[in-house]
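Hello,

Here is the structure I promised to pass on to you. Please have a look at it first, and then read my notes below.

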Amino acid sequence: MLMSMTSRPWLSAVAAGLFALHVLQKLFFPYFWKDVTFLWKIITYGIKLELCKLTSKVVTVVDTFVEQAQRIPDKAFLIYEGVVHTYRDIDERSNRVANVFLKQGTLKKGDCVVLLMNNEPDFVSVWFGLTKVGCTVAFLNTNIKSKSLLHCFNCCGAKTLVVGADLIECLEDILPSLREDNIDVWVMKRENGGCTQVQTLLDQIDFASDRPVPASLRAATSLKTPILYIFTSGTTGLPKAAVITHLQTLKAAAGFWAFGGREDDVVYVPLPLYHSAASMIGIGGTLQLGATCILKKKFSASKFWSDCRKYDVTIFQYIGELCRYLCNQPKAEGERAHKVRMGVGNGLRPDVWRDFHARFGEVRMCELYGSTEGNLCFMNHIGKLGVVGRSNFFYKLLFKYDLVKYDMVREEPVKDARGFCQRVKKGETGLLLSKVSATSPFFGYAGSKQLTERRLLRNVFSSGDAYFNTGDLMAEDKEDFICFKDRVGDTFRWKGENVATTEVTETLGLVGFIQEANVYGVEVPGHEGRAGMAAVIVRLGHEFDGKALFEHVVTDLPAYARPVFIRIQEFIEITGTFKQQKFQLVQSGFDPSTISEPLYVLDYVQKSYVPLTDNVYQSILAGEQKL
């Protein structure tokens, strides 16, 4: 071989050239092949969706499920509390649901039905059954207050409610109002206990036919047809009904596949199904692969790893603080004895990411970014720690987005002399905007054009353009990795500087006695901006150490970012999707006369965090104590 190459100089030149290209690629384009592979998946799937537009025939998520039920009928689709539900089981039960409502004659194609249920297999059966009838389904947060429920019906125009048996008591106060509005209430149980205001569904499902209903009822001719309404809940105000079309459900269902999911995977879904992550990505992604889903009623940190070992879980879903809860569990033997190879979700902070890997092994964490109603998605297909996604030249051709300068004081984008937004430089933090176009539409919220319009910024870079305002502050580094910095409402200014709550939270998380921290800003009379405050949970078996915390923040944080106040809590309130609640904390401020929990204040004289007494509080209000 050596003689052959020396006798043919051109072979040596080609080999040397290929080797040089390989070295250059590794040095200057280290992610080239991963980018190419991922982009190829995105492009081929995009072409598939474009063909749906041209042929006016959409293969929906439920169509795919029916195909899987025919192809792999006896394979486990859902495993719930140890009971296996095959693809055939769920298909036939959803047929029964469809036949019940068709027999009743009260629903027709295009009608909306509200679904209020906790995680259970019948959530999926009712969802798919109603879709087979041609209805759109509105998922309600199970923590919803009764006063908000009527608002939700008005948003999506629903006249039918299906409610879980364990949730019907929450509605007793408003059942008369629902009946007055001619809303049919179906409860998932076999007898109604004498209540004439609701109809029972389970007994009717038991006796209904499991024969498929006509496929024409669910047939879709446009990707832009609404199929779901998912109510997004903020910290204030009434829920907003995000319009979810076939386009969005199909994109979400491809998530696991895009990250490398396989048919032999076992997916662990502990998130609430009323949230898009669990329903659209979790259930949709499982059936897209033809895989198996371990569905949990609620997330349990103490049972997580035993479940993973019991069911041979290979992929799990996470969101918000879920991974932190796992890291805060007492250490046990065999924590790395599992088959989990991938975690898919969002909101994983870098410090928790590192702790998770150090303790449970190098599970590939696949961060993604995107809101329920948004028109843009980032995916960290490289797996780089601490970033939510990766972009490049080709990605930007397909998805138009920009990071623009943002004024924290005025809480609005910075404009130039012509009134247009200004792009930030590489590495700088800016407000993420995504262009609204035919390929990246924004469908908005049901029942409110005003709410939809509020999420748009117009005339951003040129007259007549429109961008979706994500409300998120992001940064893109020189390697095109995209990092989440903060929510616009969470970032605050103190001493003339912008304070990002995520960075302060990560720093506090390194303090030995702090288990969890929730950082926010509070107004202080006589001071501009908001002073940093942190609600913290002290680890079991530890005590709060004001001097140690003082040394830590002085060493690791600039003066403006150091929390001025500390509030000790036994637990930190979270949303149903494991995001920390800040609104009530901000509203309650730092007044020790109205807060029963221990409060501390940063004291540079004593070089410690000292108790915030009424006297100290009054001295702060009087401007006698330097902050």
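Threonine 60 is buried, because its relative accessible area is 3% (buried means under 20%, exposed over 50% and partly exposed in between, with a 1.4 Å probe and protein chains only). This threonine 60 sits in the loop between α3 (32-55) and α4 (61-71); helices (H or I, at least four residues) and strands (E, at least two) are DSSP runs, numbered from the N terminus. Neighbours within four places in sequence aside, threonine 60 contacts Ala220, His246 and Leu250, where contact means heavy atoms within 4.5 Å.

A word on the basis: this is a predicted model, in which local features need pLDDT of at least 70 and side-chain atom pairs count only at pLDDT 80 or more, while totals for chains, interfaces and linings use all residues. Residues are numbered from 1 along each chain as its sequence is written, and side-chain values use heavy atoms, leaving out hydrogens and water.

Now the sheet. It is open and mixed, with 7 strands in the order β7-β6-β5-β3-β4-β8-β9 (two strands pair if DSSP finds at least two bridges between them). At its edges are β7 (199-200) and β9 (240-245), each pairing on one side only. Strand β8 (residues 226-232) pairs with β9 in the antiparallel sense over 6 bridges, and threonine 232 stands opposite lysine 240 in β9.

Lastly, arginine 190 is found in the loop between β6 (184-188) and β7. With a relative accessible area of 46%, arginine 190 is partly exposed. Not counting residues up to four places away in sequence, arginine 190 touches Thr200, Leu202, Asp203 and Asp206.

Best wishes
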